[in-house]
Amino acid sequence: VSRPFSSIVPLAALPPLYYEGFLSSLLFPSESCSSVFAIRAFNVELSQVKDSVSQKTIGLMRMQFWRKVIEDIYSDIPPQQPVAMELWKAVKRHKLTKRWFMRIIDDREKNLDDKAYRNIQELESYAENTQSSLIYLMLEVLGVKNVHADHAASHIGKAQGIVTCLRATPYHSTRRKVYLPVDICLLHGVSQEDFIRGSREKNVRDVIFDVASQAHVHLQHARSFCKDVPLKAHPAFLQTVVLDRYLNRIRKVDFDVFHPSLQKRNSMLSFSLYIRSWKKTY
């Protein structure tokens, strides 16, 4: 990892979700790495706001700070802040679209309300505006302008958002918070309290099955475009390795989202990412 990036975010200190993303970024072409790292560092900054503030007002101030950072970057007067400086270089180098950054900020800000998603469509919309927007930026870094790649990115981002919600469920439950779609919980007669007490009953597992199935459907849709997606777009889609692994593992434990094996870090992730990259598939 280049020295400038190491000074922004120490890789070893990252939670698993972010660590996996940064690890996959190492397989981008060398001329793209620093820009992708900057975009991911920006995403880490935003995604940690919700859990790091005790009051919504403080969270809104942090979001406003980043909104102004992006405005200043596109006015060519970046603030002297490490992530901002690296982002400015990336924007200038690749002519990145401002709209994607603003979509990420806007939806992260709305998400500060701390409410469960009303339905799977609401979760998908949030994932599209945050995770898919991130992938669109990475495609721009790679110089890819292709409608099939955009469609694949949209579905992979939605799958990523759904899987992230599932993976975070045990952590959120310990904090007495549940964000899984309310309509699916009601369909199976599951209350928020069931998740808060870590229930592993069949109806709880049925909720997880339904949500995980939707992530799987999005991955299938993304792969349906594979023949028409340029090979140089594939590094932006390497997160599918992580998504596949989680969905396979949760299936093996019969959709028990609280199973201890799901919390283990994947020691073979680097190898799996390399193999997927070498095969030029996603």
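## Surroundings of Ala149

Leaving out residues up to four places away in sequence, Ala149 touches Leu139, Val144, Val229, Pro230, Ala233 and Phe237, where contact means heavy atoms within 4.5 Å. Ala149 lies in helix H9 (residues 147-174); helices (H or I, at least four residues) are DSSP runs numbered from the N terminus. Ala149 counts as buried at 0% relative accessibility, and the classes used here are buried for under 20% relative accessible area, exposed for over 50%, and partly exposed in between (1.4 Å probe, protein chains only). Leu231 is 82 residues from Ala149 in sequence, and the two C-alpha atoms are 9.8 Å apart in space.

## Basis of the model

This is a predicted model, in which local features need pLDDT of at least 70 and side-chain atom pairs count only at pLDDT 80 or more, while totals for chains, interfaces and linings use all residues. Residues are numbered from 1 along each chain as its sequence is written, and side-chain values use heavy atoms, with hydrogens and water left out.

## Domains

The protein chain is divided into domain 1 (26-113) and domain 2 (116-261), with bounds that come from an automatic or database domain assignment. The centres of domain 1 and domain 2, taken over C-alpha atoms, are separated by 22 Å, and 22 residues of domain 1 are in contact with 23 residues of domain 2.

## Salt bridges

The structure holds 21 salt bridges, each defined as a side-chain nitrogen of Lys or Arg within 4 Å of a carboxyl oxygen of Asp or Glu. In one of them, the side chains of Lys50 and Asp114 meet with an N to O distance of 3.7 Å. Lys50 lies in helix H4 (residues 49-52) and Asp114 in the loop between helix H7 (98-110) and helix H8 (120-141), so the pair ties together parts that are 64 residues apart in sequence. Both residues are partly exposed, Lys50 with a relative accessible area of 21% and Asp114 with 32%. Lys50 and Asp114 are also linked with Lys177 in a network of salt bridges.

A salt bridge joins Asp206 to Lys202, whose closest N and O atoms are 3.0 Å apart. Asp206 and Lys202 are four residues apart in helix H12 (residues 202-223), a separation of about one helical turn. Asp206 is partly exposed at 22% relative accessible area, whereas Lys202 is exposed at 53%. Arg223 forms a salt bridge with Asp244, with 2.6 Å between the closest N and O atoms. This pair links distant parts of the chain, since Arg223 is in helix H12 and Asp244 in helix H13 (residues 240-252), 21 residues apart. Arg223 is partly exposed, with a relative accessible area of 30%, while Asp244 is buried, at 18%.

## The second largest pocket

About 260 Å³ of space lies in the second largest pocket. On a 1 Å grid over the protein atoms alone, a pocket is an open set of points where a 1.4 Å probe fits, with protein on both sides within 12 Å along at least five of seven lines, and lining residues have an atom within 4 Å of a point. Grid points are joined across faces, edges and corners, and the volume is the space filled by probe spheres set on the points.

The lining includes Asp107, Asp114, Tyr117, Arg118 and Tyr126. H7 and H8 each supply at least two of the lining residues, and H8 gives the most, with three. The lining divides into three nonpolar, two polar and seven charged residues; Ala, Val, Leu, Ile, Met, Phe, Trp, Tyr, Cys and Pro count as nonpolar, Asp, Glu, Lys and Arg as charged, and the others, Gly among them, as polar. Domain 1 and domain 2 each provide at least three residues of this lining.

## Loop residues

Pro79 is placed in the loop between helix H5 (56-74) and helix H6 (82-94) and is partly exposed, with a relative accessible area of 23%. Apart from neighbours within four places in sequence, Pro79 is in contact with Val69, Asp72, Ala84 and Met85. The C-alpha atoms of Pro79 and Val69 are separated by 6.8 Å, although the residues are ten apart along the chain.

Most residues other than glycine have a negative phi. Lys95, however, has a positive phi near 55°; Lys95 is in the loop between H6 and H7 and is exposed, at 69% relative accessible area. Phe255, also not a glycine, has a positive phi of about 60°. Phe255 lies in the loop between H13 and helix H14 (269-279) and is buried, with a relative accessible area of 14%.
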